[in-house]
Amino acid sequence: MATAAEVSAFVAVQTRQITEDHESKEKEVEEVSLMLERRCLQKEQLESDITGLSDEKNALRTAVEALRAEKEALAAQKMRLAADVSSLETALTIR
């Protein structure tokens with residue numbers, strides 16, 4: 001009789017341990033799943049940020065190119081105006 005009780009107690013302990021291990025594994029899986037989901041969301045956010053920054057970089061590059069072209073045009077205009085002023089000064093000196 002004692003042996004049957006011991007076997008029964010052993011089986012009960014083993015069943016409880018298996019159940020606890022199973023529950024522990026389920027909890028661990030849930031935690032890992034949540035962590036993975038958070039990481040995926042962070043990845044998506046970073047990819048979105050990178051895309052936005054890339055677009056901003058391209059817009060800034062375009063603006064810089066436009067400003068350089070405007071600077072060159074203004075430099076050329078300044079040279080023409082300087083030449084015009086010089087011509088007018090010469091014309092005034094001749095009169």
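Which residue forms a salt bridge with K43, and how far apart are the closest N and O atoms? K43 pairs with E47, and the closest N and O atoms are 3.9 Å apart. A salt bridge here is a side-chain nitrogen of Lys or Arg within 4 Å of a carboxyl oxygen of Asp or Glu.

The model is predicted: local features need pLDDT of at least 70, side-chain atom pairs count only at pLDDT 80 or more, and totals for chains, interfaces and linings use all residues. Residues are numbered from 1 along each chain as its sequence is written, and side-chain values use heavy atoms, with hydrogens and water left out.

**Overall form**

Along the principal axes, the C-alpha atoms fill a box of roughly 140 × 15 × 10 Å. Helices (H or I, at least four residues) and strands (E, at least two) are DSSP runs, numbered from the N terminus.

UniProt, in an unreviewed entry, places the feature "coiled-coil region" at residues 43-84; such positions are given in the numbering used here, feature names are shortened, and annotations may be inferred rather than shown by experiment. In the model this span is 100% helix and 0% strand, and its end C-alpha atoms lie 61 Å apart.

**Surface and charge**

Of the 95 residues, 0% are buried, where buried means under 20% relative accessible area, exposed over 50%, and partly exposed in between (1.4 Å probe, protein chains only). The protein exposes about 8900 Å², of which carbon and sulfur atoms supply 61%; the areas come from the Shrake-Rupley method with a 1.4 Å probe, and for residues only the protein chains shown count as cover.

There are 13 positive and 19 negative side chains, and the centres of the two sets lie 13 Å apart. Lys and Arg count as positive and Asp and Glu as negative, while His and the chain ends are not counted. Each charge is placed at NZ of Lys, CZ of Arg, CG of Asp or CD of Glu.

**Salt bridges**

The structure holds two salt bridges.

| Pair | N to O distance |
|---|---|
| R16 and E20 | 3.4 Å |
| K43 and E47 | 3.9 Å |

R16 and E20 are four residues apart in helix 1 (residues 2-94), and are therefore separated by about one helical turn. K43 and E47 also lie in helix 1, four residues apart, about one turn of the helix. R16 is partly exposed at 45% relative accessibility, E20 is partly exposed at 40%, and E47 is partly exposed at 42%.
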